[in-house]
Amino acid sequence: MEIGKRIADIILMPIVAFVIGLFMVLMLRKIAAKLQRRVGPPFFQPLIDIIKFYSKTTQVSHGLLHDIGIIMAVGGYLAAESLLPVPGMDGLSDKGGIITLTYFLMIPSLGLALGVGQCANPNGSIGISRALTAMLAYDIPFVIVIFGVAWHYGTTDLSEMISLQQAQGWGAFEMPLLALAGLFALQGMMGKQPFEIYVAPAEIATGPMVEMGGKYMGGLFVMQCFQLYTAGVLYTTLFLGGGTHWLDFLIKIFAVVAIPMMIAFTFPRYRTEDMLRLMWKWPVLAGLLGIAFVMY
Amino acid sequence: MNLIALVVALPLLGAFLLPVGARSVGWVGRLLGPALLLLTSLVVIVLWRDSGGVPSHIELGGFQPPLGITFYLDQLALVFALATSLLALLLWPHAAWRDARVAALMLLMVSAASGMALSGDLFNLYVFYELVSVASFGLVAAPKTGAALAATLRYVIISGMGTVMALTGIALIYTQTGTLNLAHLTLLSATTLDNTLGLTAFVLILLGIGVKAELFPVNIWVPEVYATASQRVSALLAGLISKLAIIVIIRLLVLLFPQPEALTLLLVIGALGVLLGELAAWHAKDFERMLAFSSIGQLGLVLMAFSIPGQAGLFAGLAVAMHHLIVKPALFVLAERWSGGFAGLAGAGWKSPWAAGLFILFALSLIGVPPLPGFWAKLMTLLGLLGQDNWIYWTGAGIILLATVFEANYLFRFGLGLFKAGSESRSAKVPVHDAGSLGPSLILGAVLLIATVMITPVGNWLAGVADQLADRELYVTTVLGAGRELP
Amino acid sequence: MSLLDALLLTALGTLIATLATVRTRWVGYVASLGLGLQLLVLFLLAPLGYGAPAVTSGLAWDLFGQPLVLRYDAMSWYFALITLGAGLVSSVYATGAWSDHYRAAGRSPGWLQFALALNVFTMLLLLASGDFLSLFIAWELVSWASFLLMALAAGPALKWSLRYITYATAGAMSMLAALGIVFHLTGSLNYADFMAAVDQWSVGLITLLTVLFGAGFAVKMGILPFHLWQAGAYAETPGPGMAFLGAISSRMGLYGMMLVWVQLIGLIRLIEVHIPLTFLSLRDVLMWIAAFTIILPTYTALKQNDARRLLAWHGIGQGGYMLMGILSASALGSAGGILHIFNYATNQAVLLLAVFAVVYRTGTADLNKLGGLFTRMPLTFVAMLVGIIGLAGIPPMNGFVSKWMVYRSLLSEGMPLLFVASVIGTLGTILSVYKLIHNTFLGQLRLEHEPVQEAPWSMVIPMMVLALIIFLTGFMPGIVLDWVAAVQAAVGLPVLPHTLGGVADAHGGLDMIMLVLVLFAGFGVSALLFYATGRSEPVHQLDNYAGGHFLSADVRYHYSDHFYAGLMHRIGHWYRGSFLWFESVVASLASFLAQWSATFYRLMQPALPMLAMAVIVLWMVS
């Protein structure tokens, strides 16, 4: 791949991700509203929210690390998006595959954790403690899924996985158990219902966001857009054959985020320890069985 | 050449004259003993230099063997005669400076011990052994405390039993062969002693002389005696006398008893000694008992080393024995100031760093940490044991390895305990070492370090000694003259 | 005289010079200078690190007809580099301000420097050993040298160092048994004779030797189930000493394993050995031991409330990654394992130095008594941040690269459970290192820590140097991978083709240069976005939302104790202390036997058992 194309990809991919992420946020809000029999926000509401956050006059900083944490949170995702191939753009996907991506995704979490810690609010720290515990919960089935998929395709390169699936058929049909386990893990990873206790969006004072306001909150909003996008694209790439062109790609990634969410929204929230038990039981079992099928 | 008789005779004479002389002239009592020991050491050194490493023999009173009293002077005998004088000089008990009777007992023991090292026939061996016993009874009981007397009584009883056994064994040999001269017996052994009766005689002698050698079942006296006797006497008994007894046993084994069962027996008894000794030492709660049990374990190790067939076994056994000969007396001397329970010694190391340093040096060598000599001795033993295609020998090696772990633990539990922060009132009572109390240990420590640096020459020399010890033909021809080949 | 002689003699000279100046104030400078010189000589030996043939020492001599060979190959050089690096950094750190502090506490910095120099010397000697005898001698020297370093602090360190030396002696005895068996079988202690004979040996014999040698090395390495001594013994070692021990000392065990298992016996032989009644080979069993060594100690670390213990437990866990990587026997995995030795050494050293800088300023390593120090000690914070990112294996630090390689090889070798196990370990590491940095540097600053200042330069500079190395070797792992490839070639493993940025692989490689550049571009854009928009105003840390209450400095609200309450609610009851239980069972058994032995010597009727014994023996004889 020539260098100019690569640079263009690296610049474009995060922008695309951000825009799509905004739509996903909008979609989720609409879904939630429909389930709760509300009207829901207008079309541009997510964008307006971000602009509003960034242009607040009161911006409370709890010190340098608070700032750096937010920068790391957003910056990490900006970089990570270049590892996720989308139709027409491969970016850096050949320089670091699925394992690298998984670990890149920890950088924003680390940034957030550092920033929240610096705020010196015990509620924030509790939120981080829960968030990290949740990570331990969903990452175990997730890495099982990663192993199964990577073993099946014989590669960790995401773009190679896509081309293989387009030749042989979708991963979800070849590895249904892994796809199921992946769906569970994905739900935990997004920090959405019913696993949203560590974000605690409804009772902001008892979660990581307790000291966040203005552009700090704005940064987290941006991060959320990326998070949803990443989850959708990653799952699509692993199991749904990626995208041949943008149209089917967009349908797939929105479906990946939307359909589980419609089901999950109706469930009550899980406590951290219950989430551990859930994640370590069924998805892990399904994942291991899936690996057994794939390997033998 | 008859000069060697002085080594036995002079201290013996001194032992009898000393109490008389000390009564009239005070300083005689103090100085005669050490002076005599110095003289005997010089005699041995001169003889050694003149011998050039070639063994020789003398007949006292001019009777030809097998009738007369025979001394056999190979390097092993000479080195033990020298070690006897030197160690006795180094460890001359404090009581012997004051009390002429103790000094006399010491001289008696030295004389008899040298005799044991040199003696070339069974009867004299037995007589000297008895003399050593009697002298040691007196020395051990010298503190005159209740505990010391009780321990001595126990010691006397067991030694008595041992004497009976050894004498029975010797009698068996005599009935079988009609001679007690070792060279003669060597000639006859293949035809007369290579049978069950011979083995029985060996077992009886082993258990009899084994009392002094701290062998497994007959060493029950050891811990109490060492814990109650004066530390220097314990040092001599543990360091020197036990080795002499072993050397005598091994000399008899090499010359008279070719049965492989004898070696296996040594191995089993040695292994039991190692195991029980080190375990009990691990359990001990005061310094002297710990050293006493450790000494039992080390003697077991010596025996196991000697149980390896061939020259390799003799070499390894001698190496372990010589090593212990240096290390254990030094440790007992350290116990002079540090006697009693561990708890009372907390923090003693900060007050006497040199003593603590010496302890650690000797402990490292006992465990077998390279490059100290103890390592080479243990290595030779283990290589020898594992070199046999025999599960008993392999088990024995395993026991040594296991025991070493316990050894490391209890020695360093004590060594580190010296640096524990003890309570102020308690640690104020711990005596501080001075030059006088450290002297012998320092000298022995220096010997150990020199041996560490000179390990190759020392090893080669020891191999030569082992070769001489293994050479039965040399023994026979030296004593009886050429032409009397072994069958 | 070869350069190797020069290296060993310089090390010996350093030792002597340190001993000569042990009571003076400049002992630290002497030791640091000596270590620096050694490093310089090692750089002259650098061709070894790029695959030059082994250098033999002229100092070889015979002992009892057994030639002692000293030689350096690529593996020795690689380990020596880490050893000297860690030694130099620790020594510099222990010089200057730290040593004054240490002296003021009534301790002797001179003996600490001496112990450090002794450790370095013995380890260099071990790495030079060219036959089993010199290997064992040097091994014992290393053991006792680290014992000295551990015991120096006295106090509680005495108990732990005794535990260490007991384990170490047991390990050494196991090696000695193996050595004896080798001597019995081959009649010599040469590596060459061993390698010539090993092909004819039976499966049982190979297993026996693997286990006997391995047990000795595993003790040093802290591989399960021989790990119980390590965390406590390391944690009680004085600051820089612990940094040195934690960084490299345990890895001598790995050196031994690579030497005996990989180079001499060969992993192929271990894979051939099938364990009866299972579908596992001996190699698989060892890999599983490595996996448990990753998981259990890491989750034990998670529960620690003392920063030193926490890191020491991680040290045990990280050893498992190295072992697992090497045992995977593939080019990528073994390179990852070998690379992780370097990476982990830098991470652990910087973390411990940072922790001890905090201890230096605040007097405690208790994670419940710190907090909020970021504003007071920002450079130390940076050092620790770099360290935890590296230790947790998150990009862009070097720890990520080595762990990535281990994961990647487990993936392509098709070992799903081991893969999952190692990821579980990493997740636990992330949790616990966040707790470390959170409880120390984030959150509420305690009132008594208000006047705390940044650590002195003599301590900050070593940390910064290490942090820089961690970043640089993460950015360009190829620098270290060159050496790693030479090590692979030296021990007979397949050699990893690599680039400056990482690994080139058609099915998913790694290019750290590109990734790190993009990551920093991302940070840059994000920072631009952040700072270009509305100005933020800094507030005091007490200006916080507290549910209607007013916070004041005397209220302690730092969330530190029982940090992962939710997690512990689920897994807390899985901590059974089984290994401690097993250790106590063994100790009780030994104690029982010892008591029994002592009783034998206290019998009231001494003559009777003696008589009985005589009768028994005579009966058996006749």
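In chain B, the C-alpha centres of domain 1 and domain 2 sit 22 Å apart. Domain 1 of chain B covers 1-119 and domain 2 covers 121-478, with bounds that come from an automatic or database domain assignment. Keep in mind that this is a predicted model: local features need pLDDT of at least 70, side-chain atom pairs count only at pLDDT 80 or more, and totals for chains, interfaces and linings use all residues. Residues are numbered from 1 along each chain as its sequence is written, while chains are lettered from A and ligands numbered from 1 in the order in which they are written.

**Where the two domains of chain B meet**

- Domain 1 of chain B puts 33 residues into the contact and domain 2 of chain B puts in 39; two residues are in contact if their C-beta atoms, placed from the backbone, lie within 7 Å.
- On the domain 1 side, β1 (56-60), β2 (69-73), α3 (75-90) and α5 (100-118) of chain B each give two or more residues. Helices (H or I, at least four residues) and strands (E, at least two) are DSSP runs, numbered from the N terminus.
- The top contributor on that side is α5(B), with ten residues.
- Sorted by class, the domain 1 side has 24 nonpolar, eight polar and one charged residues. Here Ala, Val, Leu, Ile, Met, Phe, Trp, Tyr, Cys and Pro count as nonpolar, Asp, Glu, Lys and Arg as charged, and the others, Gly among them, as polar.

**Chain B as a whole**

- You'll find 22 helices and two strands in chain B.
- The radius of gyration of chain B is 22 Å, close to the 23 Å that the globule rule gives for 487 residues, so chain B is as compact as a globular protein of that length. That radius is taken over C-alpha atoms, and the rule is 2.2 Å times the number of residues to the power 0.38.
- Of the 487 residues in chain B, 62% count as buried. Buried means 20 or more other C-beta atoms within 10 Å of a residue's own, exposed means 12 or fewer, and partly exposed is in between, with C-beta atoms placed from the backbone.

**The strand pair in chain B**

- β1(B) and β2(B) run antiparallel and are joined by five bridges; strands pair if DSSP finds at least two bridges between them.
- Across that pair, B:Ser56 stands opposite B:Leu73 of β2(B).
- Five of the five residues of β2(B) are buried, so this strand is largely enclosed by the rest of the structure.
- Both of its faces are covered, with B:Ile69, B:Phe71 and B:Leu73 buried on one side and B:Thr70 and B:Tyr72 buried on the other.

**Chain C against chain A**

- This contact takes 61 residues from chain C and 71 from chain A.
- α22(C) supplies the largest share of the chain C side, twelve residues.
- By class, the chain C side has 36 nonpolar, 20 polar and five charged residues.
- Strand β1 (residues 60-61) of chain A pairs with β8(C) in the parallel sense over two bridges, and A:Val60 has C:Glu537 as its bridge partner.

**A spot to look at in chain C: C:Leu45**

- C:Leu45 is in the loop between α2 (27-44) and β1 (55-56) of chain C.
- It has 20 C-beta neighbours inside 10 Å, so C:Leu45 counts as buried.
- Leaving aside neighbours within four places in sequence, C:Leu45 is in contact with C:Leu3, C:Leu7, C:Val55, C:Tyr72 and C:Trp77.
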